[in-house]
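Have the viewer open as you read.

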Amino acid sequence: MSDLALTLARIQFGFTISFHIVFPAITIGLASYLAVLEARWLQTKNTVYLDLYHFWVKLFSLFFGMGVVSGLVMAYQFGTNWAGFSNVAGSVTGPLLAYEVMTAFFLEAGFLGVMLFGWNKVGPSLHFTATVMVAIGTLISATWILASNSWMHTPQGFSLVDGKIIPVDWFKIIFNPSFPYRLVHMVIGAYLATALFVVASAAWQLLRGKDNAGVRKMLSMGLWLILLLAPLQVMVGDMHGLNTLKYQPAKIAAIEAHWENKGEEATPLVLLAWPDIAQEKNLFSLEIPVLGSLILRHSLTAQIPALKEFAPQDRPNATIIFWTFRIMVGLGMLMILLAVASTWLRYKKQLYQHKPFLRFATLMGPAGVIAILAGWFTTEVGRQPWVVYGVLRTVDAVTPHTTGEVALTLGLFVVIYLAVFGMGMVYVLRLVNIGPKSGEALHGDAISIAPTEGQAFALAPEFHPAAKSTSNKEDH
Amino acid sequence: MDLSLTWAIIILFGIMMYIIMDGFDLGIGILYPFFTEKSDRDLMMNTVAPVWDGNETWLVLGGAGLLAAFPLAYSVILSALSLPLLFMLMALIFRGVAFEFRFKANESERHFWDKAFIGGSIAATFFQGMTLGAYLQGIKVVDQAYAGGALDWISPFSTFTGLGLLVTYALLGSTWLILKTSGDLQSICYKLSKQISVVLLGIIVVISLWTPWMDSRIAARWFSMPNILWLSPVPVLVGLCFFQLQRALQRRAETSPFIYTLGLVMLGYAGLGISIWPNIIPPNLSIQAAAAPASSQQFALVGALIIIPMILMYTAWGYYIFRGKVSKDEAYH
C-alpha cells in the first residue's frame, strides 16, 4: 500500500461523502418543512400551504433520490476501501448502521411512496401520517449515523482483544461524550441549510417580480426559523467546541493554529493566519489577545493545549482545518446578520420589497450547505491521523488496493458524480426558477380532479379558483 | 438458537428480498429497449416508482447486517469484490436518479435518462451477477484479509452468472408488468416472458452442472447419499415451477406468472445456498469463524427481531395501497 494509494482512498471517501452529506442535510430540513406545511394546511385549510407542499415535494424527491443513491455508495465503501476499519471496528459501527437501516431507511422508503404517489389512494390524515413518518425517518437516520460517527471521535464502552474492538456497553457507545453536541449541531445545521435555501428561492422570485402568497409565506417562514436557529447554533457550536477541547485537544489546537503556549500568557484568538506545518508556526497572523482563553476556557487566564505538545505524527492538518472552521463560523455570522436584518425589515414592513436584502438572501442560499461541508471537514480532518480516535489509525484502516485500482474508481466517481449530481442541481435550479404557483394542486396532476373510485380525495371546494382570492391577501 | 446462525438466516433473507424486489424493478430497465413509446415507458416506470426505493433498501440491509454480524466476512468479501461492487453502485446511481430526473427533463434530454435507466439497470444487474459468480468460486483469504488480485473476479463462470442474472431479472420484470398492466404492453410481456423463461431454464441447468464440475465439494454436497434424497426436491420443484409458468402464460393468467417466477428465483437461490453452506466466505471460512463478538450480534438481533416484522408489515401495506393495474394518470410528476 503506497502513500499515494492511501491519499487517493482518503480523497475518494472525502469526495463521495461530501456529495452525500448535502442531500440528507437538505432532506432532513425539507421533510420537516413539508410536515409543517401539510399540518398547517390541514389546520387552516389555507391552500397556500398546499401549493407550497406540492412545490417543495418535487424538490424533496429530487434531493431524496440523490441522497439514496449516493448513500448506497457509502454503505458499501466501508468494506470496499476500508477493510481494516470494517474488520477492527465493524463490531461497533455495523450494529449502529444496521439499526439505521432498520429504523430509518425502511421507514422513509416505505412511506415515501405514499407521500409522493398516494394523494388519490389514501385519505388526508393517512397522507399526513406518511409525511410525518418520512420526516421522523430522516431524524432517526441522523441520530444513528451521528452516534456512530461521534463514537469514532470519542470512543468508549469497548475493550480491545487481539487488536479488535469488542463492544462492552452499548449505552456508553451510543451516548458517547460528543454525541449529543454533534447530533444537535448537525440537525440544526440541516434545518438552517434548508431554511436558507427556501428563503433564497423566495427572494429570487421576488427579485424577478413574481410576488404571490406562496412566495411570501416561504420567505417569512424561513426567516423566522433562521432567526431562531442561527443564534442557537452559535451556542451549540460553542458547547461542541468545549467538548472537543476536552476529548480532542489536538484538533482544537490545530483549528486555532495555536502552536505553543508562552509562559503564563492567556491564549489569544487567531483571527486570520496561514499555518505552516513544516515550520510549525503561522506565516502571518492576526490575533486578539486573551480571546481564545475566553471563548474556549471561559476564563481570562487559562491556556489551551498547543500543537507542539503533541507529537508531529499525531497532529491533524492545521492549514486545512484552520480555514474550514473559519468559513463555517463566518457563514454563521452572516446568517445571524440576515436574520437580524429581516427582523428590522419586518418591523419596517419592507421585507418583501427591499432589493438589497433580497439579493443578500439569494446569495446566502448555498451558505448553509457550505457551512455544513466546512464544519464536516473541520471535524473529520481534525480527527486525523485516527479513524477511531486514539484507537485505530487511518493508515491501518485502509484496504491495500493498488494505486491504479483506487485511481480508477476515484476517477469514475468524480466523472459520474459531477455529471449526475450536476444535472440534478440543474433540475433543482430549474424548479426553483419556476417557483411555487397558486393553485398548483389544481393544475398539476398530483391530485386528479376527476372523481376516482374508492377513497377519492375530496378537496374540490378548496380548489375552486374563487377560494384563492381570499388566501392571496393574507398578511404575514 | 445459535446467534451466528440466526444472523446468517436474517442476512440470507435480506438478500433474497433484495433479489426478488429490486429484481423486478431492475428488470423493467432491462426490458425498456423492447418498448419505445414514451407512454409505455412512463407506465412501466410508474409500476415501480412508489416502491423501488424500499426495494433497494434491502441491499443496504444485507450490507449492514453483514458488517454488524460478520465484520470479517464483510471486509474480506467487499475488498475482494470491490471493483464489481463499485461498478454496480455507480450503475445504480444512474438508474436511481433516472426515476426522478426523467420526469423533470426536457423533451430533448429525456432520451439521455432513458438510456441511463437502461444502461444503469443492465450494468448493475450484470455486475451483481458477476459478484455472485466470483463469490461462489471462492475468495482467497490469508491472515484475515483478502489475498487475491484486483481482477480475480473476472472469469468465464462469473461472466455467465452475470448474464444469467440479467435473464432472471428480465423475467421478474416482464411477469411483474403482466401483473400491473393491460392491453398491448401486457401482450408483449406475455410473449417476452415465454422466451425469457426458456432461456432462464437453460441457465439454471448450466449453473447446476457447472458448479459441481467446478468444485468437488459442491459435487459432494449434492450427489452423495443421503443428501441426494434430501435435495432432489429442488430440481423437481424447478421443473414444476417452469411447467406451471408456461401453462399460466399460455392461458394468459395475470398473477400466477409472477408467482411462479418468484418460485424459480427462490429455488435457484436456495440451490446456491445449499452449495456453499455453512461457509460465509467460500471455499472454507465458516459462519462461526467469521462471527462478530456476541455483544454485537445480540445487540443488533434484538432490533432485527422486533423491527424486521414491522418493516414487512408496512412494506406489505405500501404494496397494498398501490395494488392493481397502473393507470396513466397516477404519477405525481
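## A leucine in helix 4 of chain A

Let's begin with Leu146(A), a residue of helix 4 of chain A, which spans residues 124-153. Please keep in mind that this is a predicted model. Leu146(A) has 3% relative accessibility, so it counts as buried, the cut-off being under 20%.

Which residues does Leu146(A) touch, leaving aside its neighbours within four places in sequence? They are Phe179(A), Arg182(A), Leu183(A) and Met186(A). Tyr181(A) sits 35 residues from Leu146(A) along the chain, and their C-alpha atoms are 9.9 Å apart.

## Helix 12 of chain A

Helix 12 of chain A takes in residues 367-383, 17 residues in total. From first C-alpha to last it reaches 24 Å, close to the 24 Å expected at 1.5 Å a residue. This helix is mostly covered, with 14 of its 17 residues buried.

## Annotated segments of chain B

For chain B, an unreviewed UniProt entry gives the annotation "transmembrane region" to several stretches, including residues 191-213 and 298-322. In the model, residues 191-213 of chain B are 100% helix and 0% strand, with end C-alpha atoms 34 Å apart. Residues 298-322 of chain B are 96% helix and 0% strand, and there the end C-alpha atoms are separated by 36 Å.

## Cysteines

How many disulfides does the structure hold over all chains? The count is zero. As for individual cysteines, Cys189(B) is buried at 0% relative accessibility, and Cys241(B) is also buried, with a relative accessible area of 13%.

Technical notes: Residues are numbered from 1 along each chain as its sequence is written. Chains are lettered from A and ligands numbered from 1 in the order in which they are written. This is a predicted model: local features need pLDDT of at least 70, side-chain atom pairs count only at pLDDT 80 or more; totals for chains, interfaces and linings use all residues. Side-chain values use heavy atoms; hydrogens and water are left out. A disulfide is a pair of cysteine sulfur atoms within 2.5 Å. Buried means under 20% relative accessible area, exposed over 50%, partly exposed in between (1.4 Å probe, protein chains only). Helices (H or I, at least four residues) and strands (E, at least two) are DSSP runs, numbered from the N terminus. Contact means heavy atoms within 4.5 Å. The expected span of a helix is 1.5 Å times one less than its number of residues. UniProt positions are given in the numbering used here, feature names are shortened, and annotations may be inferred rather than shown by experiment.
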